[in-house]
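Please find below my comments on the model under review.

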Amino acid sequence: MSATPHLVSWNLTRVCNLACGHCYLDAVQRRREAPDELSTEEALRTVRQIAEAAPGAMLVLTGGEPLLRRDLDSVVAEAARCDLMPVIGSNGTLLDARRAQALKVAGAVGVGISVDSMLPDFHDRLRGMPGAWEGALRGAHAAREAGLALQLQTTLFAENRDDLEALADLAGELGAMALNLFFLVCTGRGVTQTDMPELLYEETLRDIARLQKERPGLMIRARCAPYMRRLLNLHAGESAGGYAEWSSACLAGRRYLRITPQGQVTPCPYIPEAVGDLREESLKNVWETSATLLRLRGELPRGKCGDCDFRFSCGGCRARAFAVASDLMAEDPKCSYIRPPGEIPEPPPCREPITPGVTWAAEAQALLGRIPGFVRSRVRARLEEAAVREAVRVISVEFMRDHRPKMPFPGASRGN
């Protein structure tokens with residue numbers, strides 16, 4: 001497993017112009033930054049800490065609403081200068097052509113915009129403001145016109161799960177490169193929301209897997225749903241169909257961390273327990289020494305999750321375990337799967353999984369190492385899949401150039 005995080009989510013502010021009923025941060029509607037949030041100087045120092053602890057990582061700058069941070073462009077520019085991949089997670093309502101172009105110039109590579117339904121009334125009711133749905137679509141168009149890669153983000157409920165195909169259609173029409181479907185974790189204001197029952201959860205995951213197979217040109221991913229790897233029958237170290245060997249499993253504390261507006265570190269946005277404070281210590285030190293993060297990376301969960309034939313490749317959602325049992329390593333209460341008779345618990349994965357029969361030339365291995373950390377596993381997986389299809393035994397630099405896999409944000413490079 002990687003020694004550094006590949007993905008960092010940073011809630012830059014609690015301030016927001018909406019009042020979403022499921023907000024895990026319990027964001028507040030104020031016009032100015034909260035007084036305890038990181039200052040611009042502290043924020044720029046935090047960017048440098050992230051670059052040291054997670055070189056080449058994707059940095060998701062979110063909120064609240066990050067466009068309400070007056071120093072957002074400066075934070076983006078510093079992230080790009082430090083060879084991180086800055087992307088903005090926004091509700092889209094404040095993103096117009098001018099702001100989108102400014103973010104592009106500063107070095108942002110993409111924007112993720114929340115669209116929770118094809119029914120404007122449902123989206124507006126969930127987001128707490130009339131016109132939020134139309135504003136989100138205006139923001140999506142502004143992002144694409146500015147040359148920013150676009151992802152649509154949807155939080156799934158029983159009430160909107162039937163919108164999956166229409167949302168995929170919308171993503172295609174908007175020119176989005178991905179549709180991320182988030183399964184609710186009941187934290188923050190989300191405790192007031194109703195999560196899907198287990199059987200509907202599994203049915204929805206199967207629908208998502210089918211949609212992805214039918215629409216290979218659009219990445220359609222289930223988030224906060226580690227059971228997807230079980231449904232795809234992908235064990236630890238295996239990749240297929242564009243899913244890297246880590247993709248869709250629970251990343252909390254393993255390849256992922258969250259930073260709060262006050263500079264505290266948590267394993268993920270849905271686990272509120274702080275494991276470090278960047279006003280007092282470096283992120284690198286937190287990542288390498290936190291007992292909680294080391295536990296998440298090195299300890300098996302208990303109960304049926306620790307005995308499962310997908311215990312490493314899935315392992316259950318640690319946030320849901322914590323929310324219900326107040327224990328990060330408890331079994332995931334949402335999963336109804338039981339290891340079948342005759343199946344053995346999943347063995348530990350190899351540290352550097354390589355597709356059987358495929359090796360890498362030294363020059364190609366060096367070139368792979370220069371690809372940003374967040375996408376390296378996906379690039380490697382797709383190249384190895386292509387090598388198997390074409391009966392190529394050794395991946396060379398020329399093979400890599402002939403099969404340039406799509407980056408998660410097309411046209412993006414570090415430092416732009």
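**Notes on the predicted model**

1. In strand β7 (residues 219-223), A222 is the residue that stands opposite L181. The two strands concerned, β6 and β7, run parallel and are joined by five bridges. Strands count as paired if DSSP finds at least two bridges between them, and strands (E, at least two residues) and helices (H or I, at least four) are DSSP runs numbered from the N terminus.

2. The model is predicted: local features need pLDDT of at least 70 and side-chain atom pairs count only at pLDDT 80 or more, whereas totals for chains, interfaces and linings use all residues. Residues are numbered from 1 along each chain as its sequence is written, and side-chain values use heavy atoms, with hydrogens and water left out.

3. Strand β6 also pairs with β5 (residues 149-156), in parallel and through six bridges. Within this pairing, T155 stands opposite F182 of β6. Together with helix α6 (residues 164-174), β5 and β6 make a right-handed β-α-β unit; right-handed here means that, with the strands pointing away from the viewer, the path from the first strand over the helix to the second runs clockwise.

4. Strand β6 spans residues 178-183, and five of its six residues are buried, so the strand is largely enclosed by the rest of the structure. Buried denotes under 20% relative accessible area, exposed over 50%, and partly exposed the range in between (1.4 Å probe, protein chains only).

5. The structure holds 23 salt bridges, each defined as a side-chain nitrogen of Lys or Arg within 4 Å of a carboxyl oxygen of Asp or Glu. One of them links E165 and R210, with the closest N and O atoms 3.5 Å apart. Because E165 lies in helix α6 and R210 in helix α7 (residues 198-214), the pair ties together parts that are 45 residues apart in sequence. Both partners are partly exposed, E165 at 39% and R210 at 34%.

6. R302 and D327 form a further salt bridge, at 1.9 Å from N to O. R302 lies in the loop between α10 (291-298) and α11 (303-306), and D327 in the loop between α12 (318-325) and β11 (359-360), so this pair connects parts 25 residues apart in sequence. R302 is partly exposed at 40%, whereas D327 is buried at 18%.
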